[in-house]
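Colleague: I have just opened this entry and would like to learn how to read it. Could you take me through its features one at a time?

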Amino acid sequence: MKIGKRILAFLLSALLAIPLLGCSDGSAQLMERMAKRMQDVQSARMDICMDVDVSAAGEMLDLQAAMQLDYIREPLAMKMQMDLSSAGQSEQATMYLQQADTWIHAYMRQGRGDWQHAALLEGQLTGQVQQALNMTDIVNTLFDAKQFKKVGTEQIDGVTTVKISGKLGAETIVKLLLSSGLSEEMTHLHADALEQLRNIVTQMGETSITYWIDEEKAELRKAEVDMTQALNGLLQKLVSQVDARSGMQFVLYLIQFDTCKVTVSYTDIDALSSIEIPQEVLDTPLQSSDASNEI
């Protein structure tokens with residue numbers, strides 16, 4: 001299930017570097033207000049869902065992930081629950097983070113296994129702990145809007161939201177791919193092969209992005225990234241550039257992404273005063289510093 005986590009990390013990171021480019025229907029101003037408001041949010045709940053359906057020669061692969069993340073920025077407190085399923089297998093994980101002075105205590109459990117407890121300084125944050133912290137910055141790198149437009153309104157939990165849609169260019173996807181968890185899966189690639197991959201990705205299709213924004217409060221209620229078209233475009237480019245004699249061209253030709261979407265919903269914005277950690281979790285013995293660095 002490791003590659004599934006890498007895919008999840010990459011798709012979520014697509015929400016981190018969306019270049020918003022300005023238009024004349026007022027969406028630019030609303031996006032700017034939303035970006036400023038969400039950067040100031042001190043607590044919230046995020047529900048994150050990923051759905052990937054891939055078909056190949058009549059066989060289907062369904063990868064689904066659901067994550068609920070509660071967070072308070074200062075002092076840092078967080079609860080994250082994740083459920084990842086694929087090919088009839090499932091994996092669950094739970095994490096709590098709690099700041100105490102200059103230390104961040106991380107409590108983690110895979111499935112029904114034993115809890116692990118690590119205390120790390122900010123400079124030591126690695127792996128899943130760092131990934132969890134990055135998720136709270138999903139809207140913190142929004143820039144000036146262009147090419148985005150209002151496409152209507154929609155009710156979400158009784159709130160009328162403005163729906164804004166646009167496209168994420170492939171050049172940004174290259175940066176996301178190389179900076180996300182998927183980069184660990186590509187460390188074996190030769191420099192020439194990596195450069196070829198960059199060239200291919202820059203030619204792939206665009207990624208659709210949609211926001212649902214509470215206009216009165218300038219708060220993001222939901223965001224959705226649809227990479228279906230982009231990934232199928234990438235596959236088509238790979239088919240045309242892979243050596244037919246290797247047999248890989250035929251394999252790639254058979255693959256089709258039917259769905260590849262990530263949805264993030266925000267609730268309880270600035271409404272969380274504390275995150276309770278069960279006493280049995282707090283009683284977990286602290287690991288040695290060497291073991292902590294593995295988390």
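Predicted model: local features only at pLDDT ≥ 70, side-chain atom pairs only at ≥ 80, totals over all residues.

Colleague: What percentage of the residues is buried?

Modeller: Buried means under 20% relative accessible area, exposed means over 50%, and partly exposed is in between, with a 1.4 Å probe and protein chains only. Of the 295 residues in the protein, 45% are buried. The accessible surface, computed by the Shrake-Rupley method with a 1.4 Å probe, where for residues only the protein chains shown count as cover, comes to about 15100 Å². Carbon and sulfur atoms hold 49% of that surface.

Colleague: And what share of the contacts joins residues 24 or more positions apart?

Modeller: A contact means heavy atoms within 4.5 Å. Among contacts with a separation of 6 or more, 65% are between residues 24 or more positions apart.

Colleague: Let us take one residue. Where does T94 lie, and what is it in contact with beyond its neighbours within four places in sequence?

Modeller: T94 lies in strand β4. Its relative accessibility is 16%, so T94 counts as buried. Leaving aside neighbours within four places in sequence, T94 is in contact with M80, Q81, Y107, M108, R109 and W115.

Colleague: W115 is in that list. Which aromatic pair does the structure hold?

Modeller: Rings of Phe, Tyr and Trp (its six-membered ring) pair if their centres lie within 6.5 Å; planes under 30 degrees apart count as stacked, over 60 as edge-to-face and the rest as tilted. The structure holds 1 aromatic pair. The ring centres of Y96 and W115 are 5.9 Å apart and the planes are at 40°, so this pair is tilted. Y96 lies in strand β4 and W115 in the loop between β5 and β6 (116-121), so the pair ties together parts that are 19 residues apart in sequence. Both Y96 and W115 are buried.

Colleague: How do β5 and β6 pair?

Modeller: Two strands pair if DSSP finds at least two bridges between them. β5 and β6 are antiparallel, with 6 bridges, and M108 stands opposite Q116 in β6. The two strands form a hairpin with 5 residues between them, and G111 in the turn has a positive phi of about 60°.

Colleague: How many bridges join β9 to β10?

Modeller: Strand β9 (residues 207-214) is joined to strand β10 (residues 219-226) by 7 bridges, and the two run antiparallel. The bridge partner of T210 in β10 is E224. This hairpin has 4 residues between its strands, and A218 in the turn has a positive phi of about 60°. In β9, 7 of the 8 residues are buried.

Colleague: Which charged end sits over the ring of W212?

Modeller: A charge sits over a ring if NZ of Lys or CZ of Arg is within 6 Å of the ring centre and within 35 degrees of the ring normal. The charged end of K222 meets this over the ring of W212, at 4.2 Å from its centre.

Colleague: Where else is phi positive in a residue other than glycine?

Modeller: D101, with phi of about 60°, lies in the loop between β4 (89-100) and β5 (103-110). At 72% relative accessibility, D101 counts as exposed. D270 has a phi near 55° and is found in the loop between β11 (255-267) and α8 (279-282). D270 counts as partly exposed, at 37% relative accessibility.

Colleague: Which residues does the cis peptide bond join?

Modeller: The bond joins E74 and P75, with omega at about -15°. P75 is in the loop between β2 (59-72) and β3 (77-86).

Colleague: Last, how far does helix α6 reach?

Modeller: The expected span of a helix is 1.5 Å times one less than its number of residues. Helix α6 (residues 228-241) has 14 residues and reaches 20 Å from its first C-alpha to its last, close to the 20 Å expected. Its buried residues include T228, L231 and L238.

Terms used: Residues numbered from 1 in each chain as written. Heavy atoms only, no water.
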